[in-house]
Number of protein chains: 2
Amino acid sequence: MAKKDKSRRTEILEKAAHLFHKRGYAATSIRDIAREMGMESASLYNHIKSKQEILQAFLIPLAKQYTKSIHEINTAPLTSIQKLERIIASQVRITIENTDGVSLIPNEWVHLDGDALSEFIEMRNEYEQVFKAIFKEAINDGFIRPVNIEIASFSILSTLRWLYSWYSKNKNINTLELEKELVTNLIGGLKT
Amino acid sequence: MAKKDKSRRTEILEKAAHLFHKRGYAATSIRDIAREMGMESASLYNHIKSKQEILQAFLIPLAKQYTKSIHEINTAPLTSIQKLERIIASQVRITIENTDGVSLIPNEWVHLDGDALSEFIEMRNEYEQVFKAIFKEAINDGFIRPVNIEIASFSILSTLRWLYSWYSKNKNINTLELEKELVTNLIGGLKT
DNA sequence: GTCTATAAGTCGATAGAC
DNA sequence: GTCTATCGACTTATAGAC
């Protein structure tokens with residue numbers, strides 16, 4: 001019973017994320033999600049609390065996953081340049097595993113309400129701060145040329161942020177090749 | 001009279017684009033735009049035809065500007081690598097000149113109606129096609145290493161697509177430095 | 001757990017007074 | 001060119017029958 005409802009809920013969440021991905025959170029109605037499920041909108045509320053809850057169900061766990069991942073990599077016994085490579089690989093994997101969910105990160109977070117909004121922003125800022133710190137370390141260690149840290153970080157994170165969009169249209173690529181190619185393109189050119 | 005109305009209309013368009021940038025087209029109401037103008041929503045319709053018209057007033061001219069720019073660069077007497085550098089510089093300039101307008105390109109185009117939607121998609125596809133062709137040329141000419149064209153193009157265009165977001169928070173940067181730094185980061189590492 | 005019905009509010013856009 | 005008033009459609013969410 002609980003098991004069956006859980007998978008039904010998951011089905012709703014997945015269909016909702018897909019619609020949010022295609023048209024955005026604000027332009028997707030509860031009725032749109034219900035139609036996709038083949039039920040009336042009122043029936044959805046037996047599985048979810050609100051439309052807002054769906055958005056939070058994706059963005060908060062994902063933000064935690066990114067934060068946890070970058071901290072694990074940062075505290076591992078790796079060189080700074082190895083850390084950067086691992087971070088890129090990690091982001092590629094999270095994007096491939098949950099493309100629709102990740103698609104909500106760049107823009108739809110603005111529609112989070114209350115505590116979820118501030119929680120998300122805090123985790124996002126922390127992630128970028130750690131990333132930039134590692135990047136700075138890689139410059140100090142002599143792995144990377146002394147480029148503008150703000151611009152270079154933004155540039156790398158932009159590609160990773162947009163990966164969901166590219167991957168949606170190129171799903172048949174080999175994950176390892178994609179990881180390798182991105183590491184080379186994003187970091188290779190910055191090496192000393 | 002026509003002159004005064006034109007500047008009033010421009011003011012509305014600019015405020016609308018700014019709101020669309022912050023919250024998205026769907027989540028921004030005509031009443032929100034009116035409030036920003038200090039007038040009632042009904043009064044807006046003396047200056048604009050519809051909410052949709054505002055979106056089109058930004059996206060269609062911008063798409064034309066990008067398309068025109070890449071064609072001018074492509075037909076100029078330049079090497080393929082010089083063309084890529086010029087394209088990056090051109091995108092930086094368009095983004096800085098019209099940050100709110102450019103912010104609508106990555107996601108809000110999905111809310112275009114009818115002919116404007118197909119027009120936009122066609123121009124966008126054309127732009128990417130020309131970009132990739134120049135990129136391929138640069139590989140064939142021996143300027144750039146034989147990387148995966150799809151991934152490398154996507155990576156460069158992602159950074160340029162997200163520039164509006166970064167620039168919104170870092171407006172005090174020197175334009176020329178930004179252009180130079182991005183050319184180095186995005187292309188420097190791909191050179192043979 | 002799904003349905004019908006509906007509450008209560010917001011949406012884009014128009015009519016018509018001034 | 002701005003206002004008040006309003007239309008009709010749509011929004012999220014709930015109540016209660018089955």
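Ala, Val, Leu, Ile, Met, Phe, Trp, Tyr, Cys and Pro are counted as nonpolar, Asp, Glu, Lys and Arg as charged, and the others, Gly among them, as polar. By this scheme the lining of the largest cavity has eight nonpolar, four polar and no charged residues. The model is predicted: local features need pLDDT of at least 70, side-chain atom pairs count only at pLDDT 80 or more, and totals for chains, interfaces and linings use all residues. Residues are numbered from 1 along each chain as its sequence is written, chains are lettered from A and ligands numbered from 1 in the order in which they are written, and side-chain values use heavy atoms, without hydrogens and water.

The structure holds two cavities of 30 Å³ or more. On a 1 Å grid over the protein atoms alone, a cavity is a set of points where a 1.4 Å probe fits but cannot get out; lining residues have an atom within 4 Å of a point. Grid points are joined across faces, edges and corners, and a volume is the space filled by probe spheres set on the points. The largest cavity has about 110 Å³ of space. Its lining draws on both chains, including A:Asn185, A:Leu190, B:Asn185 and B:Leu190. In chain A and in chain B, α8 (149–169) and α9 (175–187) give two or more residues to this lining. Helices are DSSP runs (H or I, at least four residues), numbered from the N terminus.

The second largest cavity has about 30 Å³. B:Tyr66, B:Ile87 and B:Tyr127 are among its lining residues. Four of the lining residues are nonpolar, three polar and none charged.

Chains A and B bury about 2900 Å² between them, 59% of it on carbon and sulfur atoms. Buried area is the accessible area (1.4 Å probe) that two parts lose on being put together, summed over both. In chain A, the residues losing the most area to chain B are A:Ile151, A:Phe154 and A:Trp162, together 24% of what that side buries. Each chain brings 35 residues to the contact (heavy atoms within 4.5 Å).

Around DNA strand C there are 15 residues (a heavy atom within 4 Å). A:Glu40, A:Ser43, A:Asn46, A:His47 and B:Ile30 come nearest. An N or O atom in the side chain of B:Arg31 is 3.0 Å from a base nitrogen. A polar side-chain atom of B:Tyr45 lies 3.0 Å from a phosphate oxygen.

Definitions and conventions
Polar contact = N/O pair within 3.5 Å; in protein donor to acceptor, adjacent residues only side chain to side chain. 1 Å grid on protein atoms, 1.4 Å probe; cavity = no way out; pocket = protein on both sides within 12 Å on 5 of 7 lines; lining within 4 Å.
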